[in-house]
Amino acid sequence: MAPLAPKTGDAVFASIDHVNAELFTLTYGAMVRQLLTDLEEVEEVNKQLDQMYVGYNIGVRLIDEFLAKSNVSRCVDFKETADVIAKVGFKMFLGVTASVTNWDAEGTSFSLVLEDNPLVDFVELPDTFQGLHYCNILSGVIRGALEMVCNVSMKTEVTWVRDMLHGDDAYELRVKLLKQIPEEYPYKDDE
Amino acid sequence: MIGVGKIKHYTNLLEKPLSRGRQEVSLSAFAFLFSELVQYNQTQVDNIAELERRLEDAGYAVGARVLELLCHREKVADSLEKGTEHEDEYMISEKELLVNRFISIPKDMGAFNCGAFVAGIVKGVLDSAGFPAVVTAHFVPMEGQQRPRTTILIKFAEEVLRREARLG
């Protein structure tokens, strides 16, 4: 049986349930506020958004849903992975597309550029919190998702290059592939 | 206060058009985010009541701001009723509250209700509109249905009732 054709980002987004974007934005804002109140240090909050309790955790669960709903076949290489994240992944969950740019010479590092970002509607950073990467959850989500991709687990490093809340003209994330680990099966068939 | 600083309206922000092409995000994006919110708060508290309080506070912050954007909401709750016992009580009930759809409660958490977040939103909206009230979320088991309905109970403050009476 021929495999199902991969759906475009728009098609997937149209086929799933939606929720009001403002509710989503405001809930995220409430969460960041809680973290700031509890942790007080901007760096700590950045870490938390990225790591265990937020971004990364979401990423490792999100990848299953992503693969199930989008019918994307196994990506041949990192470049394809990047395109899929930007066009299908972002569209499917956040309703916006990102673009992929600035590939480095070895093809292991690229930039994801977002002009429209539902997480930051109506948000401005006060001066005391200028060090805060408000959308750090995105870097965690990408890291978590790429690590859990079933055939090949990719360890990446994700950093912010441009942030509109800091006065730049777009959001730019730099994704760098550190290591690719093909999945090892716990048993071999014939031995 | 941190909350105030976060979404303070500077003139350039106000100049941005309010209605945008994008109104929605995927339900699962919200579900993931909400579940992380709950899980994070679980680590910060010792008991259920405190957890519900924290969720309610988070919801309150949302509600206070959502009032301005209320016109975008399409979904209406299943029903709005007036309580029979007290003049100042109203109830909004919903068969499957959005936030409860993807959350399962472990046995040892018994009475915990994520509807606390929604109760907080409602309280925030009412407070900002000038109708202070105590808002709580309750599970109401229904005959023949697996999952209980969630009811948001609104008890208006004294001054609201007095004002209503004066306005006649």
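1. In this predicted model, B:Phe131 is partly exposed, with a relative accessibility of 29%.

2. The B:Phe131–B:Phe156 pair links distant parts of the chain, its members being 25 residues apart. B:Phe131 lies in the loop between α6 (115–128) and β4 (133–140) of chain B, whereas B:Phe156 belongs to strand β5 (residues 149–156) of chain B.

3. Over all chains, the structure holds 6 aromatic pairs. One of them joins A:Trp103 and A:Phe110, with ring centres 5.0 Å apart; the planes stand at 35°, so this pair is tilted. A:Phe110 is buried, with a relative accessible area of 0%, while A:Trp103 is partly exposed at 28%.

4. In chain A, helix α2 (residues 21–39) packs with helix α3 (residues 42–50) at an angle of about 135°, and the axes are 9 Å apart. The two helices are therefore oblique to each other, since only an angle over 145 degrees would count as roughly antiparallel. The crossing of α2(A) and α3(A) is right-handed.

5. From α2(A), the contact is made by A:Tyr28, A:Val32, A:Leu35, A:Leu36 and A:Leu39; α3(A) contributes A:Glu44, A:Val45, A:Gln48 and A:Leu49. By class, the residues in the contact of α2(A) with α3(A) comprise 7 nonpolar, 1 polar and 1 charged.

Technical notes
Residues numbered from 1 in each chain as written. Chains lettered and ligands numbered in written order. Predicted model: local features only at pLDDT ≥ 70, side-chain atom pairs only at ≥ 80, totals over all residues. Heavy atoms only, no water. Axes fitted to C-alpha atoms, helices over the stretch in contact; angles between N-to-C directions. Helix = DSSP H or I, 4+ residues; strand = E, 2+ residues; numbered from the N terminus. Parallel < 35°, antiparallel > 145°, perpendicular 65-115°, else oblique. Left-handed = near helix turned anticlockwise from the far one by under 90°. Contact = heavy atoms within 4.5 Å. Nonpolar A, V, L, I, M, F, W, Y, C, P; charged D, E, K, R; others polar. Phe/Tyr/Trp six-rings, centres within 6.5 Å; stacked < 30°, edge-to-face > 60°. Buried < 20%, exposed > 50% of the residue type's maximum accessible area, 1.4 Å probe, protein only.
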